[in-house]
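Please open the model in a viewer and keep the selection tool at hand. The stops below proceed from the whole chain to individual side chains.

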Amino acid sequence: MMQLPHEQLHVLGLSFGGWNAANLALHQQDKIASLVLVDPVYVFDSIPFTMILASIPASIPFIPTSIHEEVLSYISGGAEVNEAGPVGALIETGMRTFKSKTPMPGLLSKDDLQSLQIPVLGILAGKSTMHHPDEAMATGRENLSHSLSPMVLFEDASHAINGEYPEELAKVIAEFLDEVDEH
């Protein structure tokens, strides 16, 4: 049970954080005012097999940093990691050193999505390698039933959407939260 000073919270998750946020909402809807999912994995669509194959080298500890950087570049729509500064270096270090002790998450079911009775903003990257954007958009539109549950596509964005379109992303999220607060 959440022990925070507010009765309800707005929750945002990016990538696997989106999957975590969606699962929190599924189990604690009464505590969630709204949910913002930014290019989430395993929420609206599965990770494509090509992405799974491409990520295998990132899970091997002794693989050179240059290989990790290539995988990160692939995920980020071709962006050069060494040009991403400290954020790119942090992500590459996480890819190289983080080891999950839990199994991979499973895709949320359509029933799970339909059971969300809170406002949900789904934001997808049109060039994401972490799902099939068209299929993910259709799944969100078909299965999010709350009237304040828009799906937004940033057509030219990669999975690194938050670094590519920070101002635009912030604007879409702020407008959604304002609309939620008005209702």
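The tour begins with the conventions and then turns to the selections.

This is a predicted model, in which local features need pLDDT of at least 70 and side-chain atom pairs count only at pLDDT 80 or more, whereas totals for chains, interfaces and linings use all residues. Residues are numbered from 1 along each chain as its sequence is written, and side-chain values use heavy atoms, with hydrogens and water left out.

**Whole chain**

Eight helices and four strands make up its secondary structure; helices (H or I, at least four residues) and strands (E, at least two) are DSSP runs, numbered from the N terminus. Along the sequence these elements follow the pattern β-α-β-α-α-α-α-β-α-β-α-α.

Next, colour by accessibility. Of the 183 residues, 42% count as buried, where buried means under 20% relative accessible area, exposed over 50%, and partly exposed in between (1.4 Å probe, protein chains only). The accessible surface of the chain comes to about 10200 Å², and carbon and sulfur atoms account for 57% of that area. Accessible areas come from the Shrake-Rupley method with a 1.4 Å probe; for residues, only the protein chains shown count as cover.

Contacts are heavy atoms within 4.5 Å. Among those between residues at least 6 apart in sequence, 72% join residues at least 24 apart.

**Salt bridges**

How many salt bridges does the count come to? There are two, a salt bridge being a side-chain nitrogen of Lys or Arg within 4 Å of a carboxyl oxygen of Asp or Glu.

Select Lys127 and Asp156, whose side chains form a salt bridge with an N to O distance of 3.8 Å. The pair links distant parts of the chain, 29 residues apart: Lys127 sits in the loop between β3 (120–125) and α6 (133–143), and Asp156 in the loop between β4 (151–154) and α7 (161–164). Asp156 is exposed, at 53% relative accessible area.

Move to Lys171 and Glu175, where the closest N and O atoms of the salt bridge are 3.6 Å apart. Both residues belong to helix α8 (residues 166–182); because they are four residues apart there, about one helical turn separates them. Lys171 is exposed, with a relative accessible area of 55%, while Glu175 is partly exposed at 44%.

**A nonpolar patch**

Finally, select Phe49, Ile52 and Leu53, which make a nonpolar surface patch of about 300 Å². Patches are made of residues with over 30% relative accessible area and no salt bridge; like charges are joined within 9 Å, and nonpolar side chains (Val, Leu, Ile, Met, Phe, Trp, Tyr) within 5 Å. Leu53 lies in helix α2 (residues 49–55) and is partly exposed, at 45% relative accessibility.
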